[in-house]
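Trainee: I would like to go through the labels used for this model and ask what stands behind each of them.
Mentor: Then take them one by one, with the value beside the cut-off.

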Amino acid sequence: DVWWAGPGDSYLQAAEEGLLDEYRPANVAQLYDWAQRISEISKHRVFGVYGGIIALGYNTEIVAKKKLPVPACWKDLLAPAWKGEVMLGNPNSSGTAYLMLATLVQVMGEEEAFRYLRELHRNVNQYARSGIGPMTAVTRGETAIGSTVLHGVINEIVRGFPVLPVLPCEGVGYEIGSTAILKGARNVDAARRFVDFALSPAGQQVGLDVKEYAIPTHRGVALPPQVPKLGDIKVINYDFAKYGASAERKRLLERWEKEINAAPK
C-alpha cells in the first residue's frame, strides 16, 4: 500500500507514470520549503520525510595506513593514489548513486561530468548494487572511500566506526527521501494514516530516536547536534523536476551504462 524511503527522483518517475495515488496531507504545510517542493512537482503524489546530502565517506585507519591524500573536492578522487581504493554505487540499481550522477551533471555540466566519470572509472574497484554498499564496505575496511549520503557517515561515526565524511568543494546535491501511496492500494485509509504519521513531528522523531540521523522535513522537529541544517552546507539548487523525469533519467542511465560501466579499466 505504501512505498517508503529512498530518493525522491524515482518517486517522481513513478508519479509521472501514474503509479502513485494523489493525497493532500495537512502536515505538508509544516514541512521545510525544500521538502514541500517535491509534493508540488508530483502533483501531491510524493511526500518528503527526510533530507539526505550526497557525500563521500572514508576509513581513517586505511587512509592513514596507506598515506592516502584526504580529498576535499570531487576532482581529488582522480589522483593516481586512489587507484583501486574507490567504491561507488551503480545508478541503475541505486537511488543514491543516481543522485550522485545527477549532482555531477549539474555541478560540472553533462559533458565534463562524463569526462570526469571516465577518468574516475580507473580508480573504482566496484560499482555496488545498493546505495549503502559503498559505506558498508568503508566501515568494514574493505575499501578506503565510498559514495554515500552524509547521514550514512554520521550514523557510522555514532556507532564507533573510524570513518569521516567529505562534502566535495564544488558543491553537493541532496535527496528528499520520500513516501507515497501506491495506485490501487487495498488499504487506502491505513496508507493515508501512515503518511500522516510519517510527516508528523512524532513520526519523524522515531528516526532520530533510533540514531538514524537524516534531516527531518518537519519544521517542528528539533535537530540534534549530529544533524546539520541543509542551509549550512554548500548544496546545489538540485533540479528535481528535470532529473526526476522518466525520459531524462532513462537517458542519463543509458549513457552511464554505455560510457562508464562498460568501459575497460
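Trainee: What makes the nonpolar surface patch here, and what is its area?
Mentor: In this predicted model, Phe197, Val206 and Val210 form a nonpolar surface patch of about 280 Å². Patch members need over 30% relative accessible area. Val206, which sits in helix H9 (residues 201–209), has 42%, so Val206 passes that cut-off.

Trainee: Why is Val206 called partly exposed?
Mentor: Buried means under 20% and exposed means over 50%. The 42% of Val206 lies in between, therefore the label is partly exposed.

Trainee: How do you know that Arg45 and Glu22 meet in a salt bridge?
Mentor: The cut-off is a side-chain nitrogen within 4 Å of a carboxyl oxygen. For Arg45 and Glu22 the N to O distance is 3.9 Å, so the pair qualifies. Arg45 is in the loop between helix H2 (33–41) and strand S2 (47–59), and Glu22 is in the loop between helix H1 (8–16) and H2, so the bridge ties together parts 23 residues apart in sequence. Glu22 has 34% relative accessibility and counts as partly exposed.

Trainee: What makes the pair Arg251 and Glu110 a salt bridge?
Mentor: Their N to O distance is 2.8 Å, and the limit is 4 Å, so this pair counts too. Arg251 belongs to helix H11 and Glu110 to helix H5, so parts 141 residues apart in sequence are tied together.

Trainee: Which of the labels, buried or partly exposed, does Glu110 get, and why?
Mentor: Glu110 is at 19%, and buried means under 20%, so Glu110 is buried.

Trainee: How are H5 and H11 packed?
Mentor: Helix H5 (residues 110–120) and helix H11 (residues 246–261) pack at an angle of about 35°, with axes 10 Å apart. The crossing of H5 past H11 is right-handed. Among the residues in contact are Glu110, Phe114 and Leu117 of H5, and Arg251, Leu252 and Trp256 of H11.

Trainee: Why does the pair Arg159 and Glu156 count as a salt bridge?
Mentor: Their closest N and O atoms are 3.2 Å apart, within the 4 Å limit, so the pair counts. Arg159 is partly exposed at 47%, whereas Glu156 is buried at 15%.

Trainee: Which residues do salt bridges with shared partners join into one network?
Mentor: Glu110, Glu111, Arg118, Glu248, Arg251, Arg255 and Glu259. The whole structure has 14 salt bridges.

Technical notes. Residues are numbered from 1 along each chain as its sequence is written. This is a predicted model: local features need pLDDT of at least 70, side-chain atom pairs count only at pLDDT 80 or more; totals for chains, interfaces and linings use all residues. Side-chain values use heavy atoms; hydrogens and water are left out. Patches are made of residues with over 30% relative accessible area and no salt bridge: like charges are joined within 9 Å, nonpolar side chains (Val, Leu, Ile, Met, Phe, Trp, Tyr) within 5 Å. Accessible areas come from the Shrake-Rupley method with a 1.4 Å probe; for residues, only the protein chains shown count as cover. Helices (H or I, at least four residues) and strands (E, at least two) are DSSP runs, numbered from the N terminus. Buried means under 20% relative accessible area, exposed over 50%, partly exposed in between (1.4 Å probe, protein chains only). Axes are lines fitted to C-alpha atoms, for helices over the stretch in contact, and angles run from 0 to 180 degrees between N-to-C directions. A crossing is left-handed if the near helix is turned anticlockwise from the far one by less than a right angle, and right-handed if clockwise. Contact means heavy atoms within 4.5 Å.
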